[in-house]
Amino acid sequence: FPSRHRPTHSLAACFHMAKIRLHVKGKFLGYQRGQRSQNVNCSLIKVSGVNDKKASLFYLGKRVAYIYRGHKKIHGTTKRIIWGRLTRPHGTNGVLRARFRHNLPPKAMGRIVRVMLYPSRV
């Protein structure tokens, strides 16, 4: 009996079924700031699993996406994306500075961002 039962899918189909994730989670902490002023052009991002400056160097130049939901449908979807790029480390605890095409809204503080694993510098 075992010889009669064949798998219904090919090996090539197995590769298409596997999901490949090209991003890691990050959190938007706030803006770069001093004691009395803040610079909204520079956002602080904490990438999950990055706890020191040396580990944060891998992510320099990687793209960041803040995904949120709007009210009106545009191009058939209510999801919107603000794109940015990680520019440099901020301190020694693995926090990174990011510059977005449009500054992130204050409502986004504490929310999740996607840190894409491209472009590669390897």
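This is a predicted model: local features need pLDDT of at least 70, side-chain atom pairs count only at pLDDT 80 or more; totals for chains, interfaces and linings use all residues.
**Notebook: aromatic rings and a surface patch**

I started with Phe58, which comes out as partly exposed at 42% relative accessibility.

Next I looked at what sits around the Phe58 ring. The charged end of Lys62 lies over that ring, 4.6 Å from its centre.

Then I went through the aromatic pairs, and the structure holds three of them. I wrote down two. Phe28 pairs with Tyr31 edge-to-face, at 5.5 Å centre to centre with 70° between the planes. Phe58 pairs with Tyr59, also edge-to-face, and here I noted 5.0 Å centre to centre and 85° between the planes.

Buried or exposed, I asked myself about Phe28? Phe28 is buried, because its relative accessibility is 0% and the cut-off for buried is under 20%. Tyr31, its partner in the pair, is buried too, with a relative accessible area of 6%. For the other pair, I have Tyr59 as buried at 11%, whereas Phe58 is partly exposed.

I checked for another charge over a ring and found Arg63. Its charged end sits over the ring of Trp83, 4.5 Å from the centre.

Last, I turned to the surface. Which residues form a nonpolar patch there? I got Ile20, Leu22 and Tyr118, with about 330 Å² of accessible area together. Tyr118 is in the segment after strand E6, which covers 112-116.

Notes
Residues are numbered from 1 along each chain as its sequence is written. Side-chain values use heavy atoms; hydrogens and water are left out. Patches are made of residues with over 30% relative accessible area and no salt bridge: like charges are joined within 9 Å, nonpolar side chains (Val, Leu, Ile, Met, Phe, Trp, Tyr) within 5 Å. Accessible areas come from the Shrake-Rupley method with a 1.4 Å probe; for residues, only the protein chains shown count as cover. A salt bridge is a side-chain nitrogen of Lys or Arg within 4 Å of a carboxyl oxygen of Asp or Glu. Helices (H or I, at least four residues) and strands (E, at least two) are DSSP runs, numbered from the N terminus. Rings of Phe, Tyr and Trp (its six-membered ring) pair if their centres lie within 6.5 Å; planes under 30 degrees apart count as stacked, over 60 as edge-to-face and the rest as tilted. Buried means under 20% relative accessible area, exposed over 50%, partly exposed in between (1.4 Å probe, protein chains only). A charge sits over a ring if NZ of Lys or CZ of Arg is within 6 Å of the ring centre and within 35 degrees of the ring normal.
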